[in-house]
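Open the model in a viewer and keep the selection tool at hand.

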Amino acid sequence: MAKAAGRSARSSVWLEETARRGGRGGQPSGLDRERITAASVRLLDAEGLAKFSMRRLAGELSVTAMSLYWYVDTKDDLLELALDAVYGELRLPPEEDGTDWRERLRALAAEYRALLVRHPWLSRLAGQYLNIGPHARDFSRSVQRTVGRAGLPEHRVMSAISAVFQFVYGYGTVEAQFMSRIEDSGLTPDDYYRQAMNSAGQDPSTADFVREARRIMDARGGDTVAEMMDRDFTFALDLLIAGIEAMVERG
């Protein structure tokens, strides 16, 4: 995975000696790493990654910015902690519940998509840091064991995981950005979609394209934007699962 800008490939808060400690000796009272991390997630959700800063976080917690450095060395460390904290929201299927690998994979993909949409800042950080925190490891382990049950040769398992979860990552990222844009407009997703399609359909340069696209989208079905996006996601995921099945049959 890509390293964070300006950091070495080995640099991670999870590789530091202090990563699992609550702080350092003599730290200010009333704070701990969990509280700081939770506040970071709330701030990132509310204001986005571009506006996030140690000073802004300190103001949210009613402490000085220097107080935060008793618990983390850098802003990057804090972002890594926030990233892993939201991975902890994922509901992972039990290891030995007898569920077919296909259903387990669908459940994991749906959880990851929802997480990306719920936290629009996550996708950038997931591509920027090592993703080796405890919650990220639990998710990766669940994915690996699920795809490992499909019957692929071991040297093809990671390729199958990449095919599925790079798709989910891309789909969830675009969906999150789309929903953020809609939220900024003050419209509902359905009203936004109708206005956008009507405006494009009235422009001579795009009218033909819109008519052709509308036929395809209408054939897809779904009365709301949410239904359309769910149907697209479900069918695309089914295509990928079918591809894994086909490769297993081919040996």
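Select α1 (33-47) and helix α2 (residues 54-61). Their axes come within 10 Å and cross at roughly 110°; axes are lines fitted to C-alpha atoms, for helices over the stretch in contact, and angles run from 0 to 180 degrees between N-to-C directions. α1 and α2 are therefore roughly perpendicular to each other (angles under 35 degrees count as roughly parallel, over 145 as roughly antiparallel, 65 to 115 as roughly perpendicular and the rest as oblique). The crossing of α1 past α2 is right-handed, a term used if the near helix is turned clockwise from the far one by less than a right angle, and left-handed if anticlockwise. Show side chains for R35, I36, A39, S40, L43 and E47 of α1 and for R56, L57, E60 and L61 of α2, which make the contact (heavy atoms within 4.5 Å). By class, this contact has five nonpolar, one polar and four charged residues; Ala, Val, Leu, Ile, Met, Phe, Trp, Tyr, Cys and Pro count as nonpolar, Asp, Glu, Lys and Arg as charged, and the others, Gly among them, as polar.

The model is predicted: local features need pLDDT of at least 70, side-chain atom pairs count only at pLDDT 80 or more, and totals for chains, interfaces and linings use all residues. Residues are numbered from 1 along each chain as its sequence is written, and side-chain values use heavy atoms, with hydrogens and water left out.

Zoom out to the whole chain. The protein has eleven helices and zero strands, where helices (H or I, at least four residues) and strands (E, at least two) are DSSP runs numbered from the N terminus. The C-alpha atoms fill a box of roughly 65 × 50 × 35 Å along the principal axes.

Next, select helix α7 (residues 134-148) and α8 (157-185). α7 and α8 pack at about 115°, with axes 10 Å apart, and are therefore roughly perpendicular to each other. α7 also passes α8 in a right-handed crossing. On α7 the contact uses F139, V143, Q144, V147 and G148, and on α8 V157, A160, I161 and F165. Seven of these residues are nonpolar, two are polar and none is charged.

Move to helix α9 (residues 189-202) and helix α10 (residues 207-220), whose axes come within 8 Å and cross at roughly 140°. α9 and α10 are therefore oblique to each other. Pick Y193, M197, N198, A200 and G201 of α9, then A207, V210, R214 and M217 of α10, to see the contact. The classes here are six nonpolar, two polar and one charged.

The structure holds two cavities of 30 Å³ or more. On a 1 Å grid over the protein atoms alone, a cavity is a set of points where a 1.4 Å probe fits but cannot get out, while a pocket is an open set with protein on both sides within 12 Å along at least five of seven lines; lining residues have an atom within 4 Å of a point. Grid points are joined across faces, edges and corners, and a volume is the space filled by probe spheres set on the points.

Which residues line the largest cavity? Select W14, E80, L83, D84, Y87, Y129, L130, N131, I132, G133 and A136. The space in this cavity is about 50 Å³. Helix α4 (residues 75-87) gives the most to the lining, four residues.

Last, the second largest pocket has a volume of about 350 Å³. Of its 17 lining residues, L44, D45, G48, P120 and S180 are the closest to the centre. α8 supplies the largest share of the lining, five residues.
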